[in-house]
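My entries follow in the order of the look-up.

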Amino acid sequence: MLVNLISIGLFPVVILLILYINNRKSGTVSTDDWLFNAILLALAYFTFMSFASWVPDGHTFAGARTLLWTLNLLYFVPLCLLPGLWMMYVRSKLGGAALMANPRRMLACLAPLLVLLLMTLSTPWTKLVFYIDGGNRYQRGILYWLPYIVFTGYMVYTMLFAMARARSSAAKTDKNRAYLLACFAPLTVLGMLLQAAFYGLWLGWPLCSLSAVIIAVGIQNRRITTDALTGLNNRRELERYIVNRLKQGDSAKPWGLFFLDVDHFKHINDRFGHLTGDDALKLTAEVLRAAFGDGGGFLSRCGGDEFAVAVDCADEDEAERFVRRLRREAKRADDGTLYSYDLSVGYALARKGMDAESLIGMADMAMYADKKRVKRAETN
Amino acid sequence: MSPQYGREGTELSTYIQAYITPFLLTLYLLRDSDRMLSKRRPNRLFRLMLACVALVMVVDALAWTLDGRAELHLLLWPLNGLYILLSTLCAPLWLLYTLASFTPDDKPLPKLALYSVAVSMGLLFVLMVVNPWAKAVFIIDEAGVYHRGMLMFIQQAISVGFLIAASGLSLAKLRQETQRDQRRQCAAMAGFVVLPVLAETAQLCVYGLTLLWPAVVASSLMVYANMQHGQISTDELTGLNNRGRLERYMADRFGSDKTPWVFILMDIDDFKQINDRYGHPSGDAALRDMANLLKEAFHGDDAFLARYGGDEFAVILSCETDESVRARLAALEAACAATDGQHPWLMRLSAGYARCGDSVLTPAQLISLADQRMYQAKQKKKLNGGGR
């Protein structure tokens, strides 16, 4: 029995701890990182306790009964924390933190967890969730399904919330992040339901841990592919995208590549300092989201003050429409207080048989031509 | 590597439950690494090892399920042989991955390593082919039940030998490295062997445990997480830390380290001209040169080096007096001047630094102070006619 528990239960605990340590070493910056680390640690705890609580099961040595009660309570009582933590994490990640500010709605959201807490706390007297029988064996109480249902309910609710966010967000990177968080639920719920249905099967926590690992790896991937300052894709991701899309060839819709940079960025940086320069870059990201985002455009910052956008675009006319829209958005963003903000832009349409380098070169050249126009206007 | 003890004493349902999570995780890592890792040689070898581990788990589970079926006698010999070959192969693949990560991609891997992999795997293959007659490595008895043979230790010796060689290589590399994150990567690679060895020992001591392959998968996850960390925190062009890593590092150190430290910001003079006049490839070369000059100048100081963005670099030094910081910067400038004539442009830099002390409250203020001083240094140069 013990060897079975170790064979099945050790792996999920170890992988969770590995990722927890890895995240801690990488340095945590935001509350979100901190919350996610707490979730990894909590998952490791519950996985460990769910297996540990089986160890003295059915044994009759002195104190076995007390030990069994203690272990099971240590497992069941704090269980209500986990769905709460996960819901908070997803909400704060996807911009639903406002819920936390409204005490009544917050209470309504947490009520099922409080019910679960009360039920498990009263279990030593009421035997509602579980009890230990005369042979020192764990037995399911009449409400044994309550933790499963509450847990599953929160998982599904949070998944639906994440999916709704995914559908409503315009930029692809935001969509993908929401979908990533939504994929915590399916495997976890499957494992929990199987475990509830088949007594003696241990799939709930291992599959839950697996989902957490997949999300942790996905979060790191986001850091690899996105630019930390603006949240857009980075250069590496842009190059991969262009190569992949050119490979699709004729079957794909016609598209164009836009190159942009911030006018007088060096001057802004030198004159007003880096922090103001950073603000100008963040502002540019917002301008791009407004101008290209809803067309499913691929937005990226490819280094310094240079940005690139790949977007479905049938012909020159449509490309010019994008340029006009961009100029409108840039003008709207220019508050003119510190410096005058504008963008230079150039584009090239992807054609059959083009390679990535020549497409990038053409878009880059078009942008330089536009930049010269800006400089000429200045000297006149 | 031999989970035969597992096979002999484990129930089928436990076996499947013990393997399902590691197996799914391996498949996920294979898919994710295909998308996220470049097709460089070490990455291809890492993926090959992952694929081998996934296959081993399938073959192992299959061999276990069919164990004791006398009517499948003929199938059990090659199936178990395949299991032993594949499970051994993981160890040399790990060694080759380790070698490939420490060898530049355009250089061939050491001949000695390739020969020893070929010879030992060849030997094992021959043993597996003759085994149904020689019955030396393992035996399938009349009832179709698997038993280990006298020469099983050969397979274990090969696996353990390659794993230990790989760890030795990583440890040797760890001693040479000065950059923190590279050291961390080496440590993770050296530590790959720990979990599988612990698992194997536990399996030998306790009858009925199934831990070895899950442990290999857990170790692979650890290595993969470190690869991700490397991709997140290094600047691809120069190999220094990138800006995101710098910010996390400063935030951590600001909170924890009370001893004084110095933040230096520098940029390459007239970098825009190098870029515009000689093209982007020359600009990139200048950035790489500067990174190498920094690595040499601050070698062995436990300094934290980062590319701050564009042509700007940042250095964090521990507990230095103003004189010693200035001496360091003077030495760096001399090293820059020593490269004159190697390129059509002159490599010069302007630097400003700020100390983490009473007047500075946040990392942003520290950066902004160093930035102002760098800008002043640049202006002064221009006034003195130093600018070109």
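Entry 1. I worked from a predicted model. I began with A:D263, which has 5% relative accessibility and therefore counts as buried, the cut-off being under 20%. I then checked A:K371, which counts as buried because its relative accessibility is 14%.

Entry 2. I noted that the side chains of A:K371 and A:D263 form a salt bridge, at 3.2 Å from N to O. I placed A:K371 in helix α15 (residues 356-379) of chain A and A:D263 in the loop between β3 (255-262) and α12 (265-272) of chain A, so that this pair links distant parts of the chain, 108 residues apart.

Entry 3. I next looked up A:D227 and A:R301, whose side chains meet in a salt bridge of 3.1 Å, N to O. I recorded both A:D227 and A:R301 as buried.

Entry 4. I located B:D235 in the loop between α9 (212-233) and α10 (243-256) of chain B and B:R307 in strand β4 (residues 304-309) of chain B; the two are 72 residues apart. I noted B:D235 as buried, and B:R307 as well.

Entry 5. I also recorded one network, in which salt bridges with shared partners join B:D267, B:D269, B:K378 and B:K381. Over all chains, I noted 22 salt bridges.

Key
Residues numbered from 1 in each chain as written. Chains lettered and ligands numbered in written order. Predicted model: local features only at pLDDT ≥ 70, side-chain atom pairs only at ≥ 80, totals over all residues. Heavy atoms only, no water. Salt bridge = Lys/Arg side-chain N within 4 Å of Asp/Glu carboxyl O. Buried < 20%, exposed > 50% of the residue type's maximum accessible area, 1.4 Å probe, protein only. Helix = DSSP H or I, 4+ residues; strand = E, 2+ residues; numbered from the N terminus.
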